[in-house]
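Please look at the model below before reading on.

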Amino acid sequence: MASTSLIIRYPLPKPTTLPFTSNLSSIKFKPLQTTTPLSFPSIKLKPFQFTTKLINKPYAAAAASTTTTLPPPQPWQGAKLKPLLASVATGLILWLLPSPSGVPRNAWQLLSIFMATIVGIITQPLPLGAVAIMGLCTAVLTKTLTYAAAFSAFGDQIPWLVALAFFFAKGFIKTGLGTRIAYHVVSLAGSSSLGLGYSLVLSEALLAPAIPSVSARAGGIILPLVKSLSEACGSNVGDGTESKLGSWLTLTCFQTSVISSAMFLTAMAANPLCGTLARGAIGRGIGWSDWAVAAAVPGAVSLVVVPLILYVIYPPGVKNSPDAPRVARDKLQLMGPMTLNENIMAATLFLTVGLWVFGGVLNIDAVTAAILGLSVLLVTGVVTWKECLAEGVAWDTLTWFAALIAMAGYLNKYGLISWFSQTVVKFVGGLGLSWQLSFGILVLLYFYSHYFFASGAAHIGAMFTAFLSVATALGTPPFFGAMVLSFLSNLMGGLTHYGIGSAPVFYGANYVPLAKWWGYGFLISIVNIVIWLGLGGVWWKAIGLW
């Protein structure tokens, strides 16, 4: 008895030339010349297929096999469940705990939502923007924040300046201007990765006193160069080559941006606020030259040491490239003269940077200058609006950064930060320590409480006066205390990917994973504290600050 197996899997195959014909709706058997009755003795079912044995009796089909594979089941597209549970559990535990004495209930509820959001941003069950939106949704649903309060920071300048920086970077890369500048830098200092890093660090430090927005410096000028240099050296995002150069260069330029911001009164938008608050607390403000002289030695040492330490603990894959300067010069020759779009991009950059430098005189703020520059690029077609809409990282960064600013701001408005400051003051004051030790404790608490802030200005406004007043009452020289807290108000921005305006800009380049960003941020914070309070303390003693 002859028998064959016919295997059919969904979807059914296209019509096939066989002893029978088939299509998606039917199977027709061609009769054969036989007189034996037709029978189907067995039907065996398997996952996604069935097998039928056809035995040659009256109308048997000839032996044949046809196989079509089912599409694989779609993978889960939703949140990663374990990170999501960790985030939700953090919020629920804090929510259910009784609020400490003196802390309003709405402040404690907002803290639980804020901490759940931070855990979600660290563990990333969803993209950062989605996590932030969920945090705002929870705050509104629980009536912890009103809708207007939850989304209030979307009208803040800093998140928009960060987003605009990505659009500028798009123009740099698209026109080839960034690549051209990168090749020029490589031709001069490109024989080693360390040389490239120091050239960018020096460039940013020279710009710092003239451009009072670290977001503008980082996103509008330094980040496009970092990306262009990395790509020119074969280090691209998403193809496994990030560690060749881009990871180290990105983290180095970010960490040194907070150092250069600490070196000049005009290098960060919130620095003048420190001077104003110091005048109110101790009766003496901080002048530009006072600030620059006091920060010169520890700042210069940090700018040299921090890139070197990162070079050792987070090294680039490509360290030496002796042929790179020659290759860069050859590439420049191949590129030829600057194109029209490159010239427009360069002119727009000079216009924008000029407005950043002289904006105080002209009464034009940094974000307005950036919007004007982007408008020029859009009108001339150097960058299109469709390209801006396609910059998903820019919009994602805008979303999560604005959400954190809003929640952190309302933690202050609801009284949590003032309660924390007063608690610290009472605790440190009751220890009976020398002013040096007491001030050291205050400094560390001030510095590492920045994990709860998405803005240097918000942190300064909430805690600077209280901590300076307590330090002075415990015997710390008033002007010395004001200067140290002012410097730390910049350096603490290096802890997280949201703590200062340049952080989301550099993090958004996607060269450095979040865990490494936080881990190395903490390590470099220790290095900076040792340099600024150790070597800096000696320097400040020499110039008579204490």
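This is a predicted model: local features need pLDDT of at least 70, side-chain atom pairs count only at pLDDT 80 or more; totals for chains, interfaces and linings use all residues.

Q: What makes cysteine 274 buried?
A: The relative accessible area of cysteine 274 is 0%, and because buried means under 20%, cysteine 274 counts as buried too.

Q: How many disulfides are counted, and what makes a pair of cysteines one?
A: A pair is called a disulfide when the two cysteine sulfur atoms lie within 2.5 Å, and by this rule the count comes to zero.

Q: What makes a space a cavity, and how many cavities of 30 Å³ or more does the structure hold?
A: A space is called a cavity when a 1.4 Å probe fits there but cannot get out, and the structure holds three such spaces of 30 Å³ or more. The second largest cavity has a volume of about 40 Å³, and among the residues that line this cavity are Leu161, Phe168, Trp356 and Ala370. Helix H5 supplies the largest share of this lining, four residues.

Q: How do you know which classes of residue line the second largest cavity?
A: Leu, Ala, Phe and Trp count as nonpolar, whereas Gly counts as polar, and sorting the lining in this way gives seven nonpolar, two polar and no charged residues.

Q: What makes a space a pocket, and how much space lies in the largest pocket?
A: A pocket is an open set of points, with protein on both sides within 12 Å along at least five of seven lines, and about 660 Å³ of space lies in the largest pocket. The largest pocket is lined by 37 residues, with Asp156, Gln157, Ile158, Ala269 and Ala457 nearest its centre. Helix H16 gives the most to this lining, with six residues, and the 37 residues divide into 23 nonpolar, eleven polar and three charged.

Q: Which helix supplies the largest share of the lining of the second largest pocket?
A: About 330 Å³ of space lies in the second largest pocket, and the closest to its centre of the 17 lining residues are Ser87, Val88, Gly91, Ala116 and Thr138. The largest share, six residues, comes from H1, and by class the lining has nine nonpolar, eight polar and no charged residues.

Conventions
Residues are numbered from 1 along each chain as its sequence is written. Side-chain values use heavy atoms; hydrogens and water are left out. On a 1 Å grid over the protein atoms alone, a cavity is a set of points where a 1.4 Å probe fits but cannot get out, and a pocket is an open set with protein on both sides within 12 Å along at least five of seven lines; lining residues have an atom within 4 Å of a point. Grid points are joined across faces, edges and corners, and a volume is the space filled by probe spheres set on the points. Helices (H or I, at least four residues) and strands (E, at least two) are DSSP runs, numbered from the N terminus. Buried means under 20% relative accessible area, exposed over 50%, partly exposed in between (1.4 Å probe, protein chains only).
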